[in-house]
Amino acid sequence: MVTSIRPSTTTVAIIGMGSRGLGLLERLVAHCLTRPAPVTVHLVDPQPPGPGFHLADQPDHLLLNTVCSQLTAFADERMVEGPAPLSGPSLAEWCQERDLRLADDGRTVRVGEGQRIRPNDFLPRRLLGEYLAWAAEAVVAAAPDCLTVVPHRCEAVDVRPGPAGTEVVELADGTLVDADAVFVTVGHHSLYRPAAPAAEPRLITRPYPLPEALDGIAPGERVAVLGMGLTAMDVIASLTLGRGGRHEPHASGTRYVPSGREPGIVLANRSGLPSRSRPYLAPDRVRCAPLALTADAVARLRSRRADGRLDFAADVLPLVEAEMELAYHRTVRARECGDPAAADQEFAERVREAGYETLLEECRDRWGPAPLDGILSAAAAGRQWADHDAYTRWFTGEVAADLVEARAGLGVSPLKEALEVLRDHRDVLRTAVDAPGLDDASLARFFGEFSTTVNRLVIGPQLDRSAELLALVEAGVVRLGPGPRPKVIAPAGQGPWILESTALLRPASVKADHVVHAHVHEPSPARVPGSLLATLAAAGRIRTLGSRGGPAHGLAVTREGQGIDLAGNTQPRLFFLGPHTEGSSYYNHYVPSPGLPSRALMDAELALSTSLPSVITRKR
């Protein structure tokens, strides 16, 4: 039997109630509390609202890579353009209110046992899931009487144009919901669906959910882990800590004590470069406004292009490099004068007086050039090593040197402050990608080489994870693969996988019983069979950026989040927000941070004000 739900007031549907959907709901509740209007909102998700893919049953050794004080589900006035009547704790405050404490191992969290959680702690991911679920309940409970919330613990299978300018959402149970606007925030939608069968049973193409995906790897076998980012660190933790091993303090730093249940791990990637550690975040660190990489500078460059599309290498990259060098020298100056705020003010005033180019020349004359040449390269710049041992020494030396900088932390390490530009000023990079965006070649470069490099430099593992990696190499549990760009040879019959070197003067090879692709590659929304996005793409209601070539294959959307169909027409009532729009914007998969402008919440507000102008008003 088909049930049809017809709107009697303004009606919206939010499909996907992870952190993006929760942000939309929070903004809708905030506006209705400030300016009451009759609205019905349908929340469509087979899972409870809030957590999304931050599953509550994950083991504690799977950690967030953002410190707990930088995560919140509640907007404050600095985060959004509209009202912020709802208040609530950050993840750090929520944990402290419940007397959750961190064990000596730095990852296990229990009530009342261990040391108090600090603002700059990296916590288990399951806690973020629990926090977001609690926050979703709090946001719904705060809704005024004029706002009716209708939950549907069901999947949406289609969205079709409806009568009288509405959209009709079809649910898997046959329910039809008529809505004045539909917001699709399904996040990493492919991860909720079974992985395609691997061509070889000893090949794991998707390592989640952990540890179940790795259960076929037996103790003592050898597994090649391809990738060195966050997913690879999750895989290594699951195969070591998750199997009873432990790290303990030692005179040399950290020592790994095996349980005997581990496999041998071979770690390799295409670039041959390690990911840099997330630095220690001092509570009093000064976050400086950009001096070269500004939204105004990007707008001026765009105005000089006939079609408004930027050449990333010619227009934007020089601003990125200048901003990084300025951040490096400003930190040197702050250490010299002992006052980061004064150094920030000094640099800002000098830029206003003479421009950032003049200031850079003055800094180079005074302190010499910043050691940043080649740091934005995605590869090892053609480097070769004599043999596997030489590569291993170089690699571990790079990790150890970066750990020194990470432990010094932001505000102290000039290098880490320079790299943090890529995070601190991500919103300016977004303005470069936002429509009319980048030319086709630049779009391919940005979402290929550049974004991969940014992830390696500033979206890397917690610094403890890097220390643990060195301990695992020292213990012989982890072995580095045979250098960059290894040739991976599939088994012949029951034989092993083989990784052969391509960048060692003395060739080397490594055998493995299993291979894990330790990088989550979100496929094109049109290529996830059975998903809502694939259905909409097949119907021509949405199109991807794949036609422009390169790795950017997210959905084509307007700046307001409205989908663009195959014919190039804007869908006025159908909005898309989140990771599946990557390419139309940049870095769409994150939880907001308190006290800082939140692009995620501002995008939610922009989409709501576009669809419901009589209900949603923005300050500016």
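Reply: What you see is a predicted model, in which local features need pLDDT of at least 70 and side-chain atom pairs count only at pLDDT 80 or more, while totals for chains, interfaces and linings use all residues. Residues are numbered from 1 along each chain as its sequence is written, and side-chain values use heavy atoms, leaving out hydrogens and water.

A search of the whole structure finds 17 aromatic pairs, where rings of Phe, Tyr and Trp (its six-membered ring) pair if their centres lie within 6.5 Å. The pair to look at closely is made by tryptophan 94 and tryptophan 134, whose ring centres are 6.4 Å apart and whose planes meet at 50°.

Helices (H or I, at least four residues) and strands (E, at least two) are DSSP runs, numbered from the N terminus.

The two partners also fall into separate classes of accessibility. Tryptophan 94 is buried, with a relative accessible area of 5%, while tryptophan 134, at 28%, is partly exposed. Buried means under 20%, exposed over 50% and partly exposed in between, with a 1.4 Å probe and protein chains only.

Tryptophan 134 has a further contact, with arginine 98, whose charged end sits over the tryptophan ring at 5.1 Å from its centre. (This needs NZ of Lys or CZ of Arg within 6 Å of the ring centre and within 35 degrees of the ring normal.) Aspartate 99 is found in the loop between α2 and β4, a strand at 100–102. The phi of aspartate 99 is near 55°, a positive value in a residue other than glycine, and with a relative accessible area of 28% aspartate 99 is partly exposed.

Rings also come together elsewhere in the chain, where ring pairs link Phe312, Phe446, Phe447, Phe450, Tyr586, Tyr587 and Tyr590 into a cluster.

The peptide bond that runs from tyrosine 208 to proline 209 is cis, with omega near 0°, and a cis peptide bond with omega of about 5° joins leucine 210 and proline 211. Proline 209 lies in the loop between strands β12 (203–204) and β13 (222–226), and proline 211 likewise has its place in the loop between β12 and β13.

Arginine 485 also has a positive phi, of about 50°, although it is not a glycine. This arginine lies in the loop between β17 (478–480) and β18 (487–489), and at 41% relative accessibility arginine 485 counts as partly exposed.

Notes:
Rings of Phe, Tyr and Trp (its six-membered ring) pair if their centres lie within 6.5 Å; planes under 30 degrees apart count as stacked, over 60 as edge-to-face and the rest as tilted.
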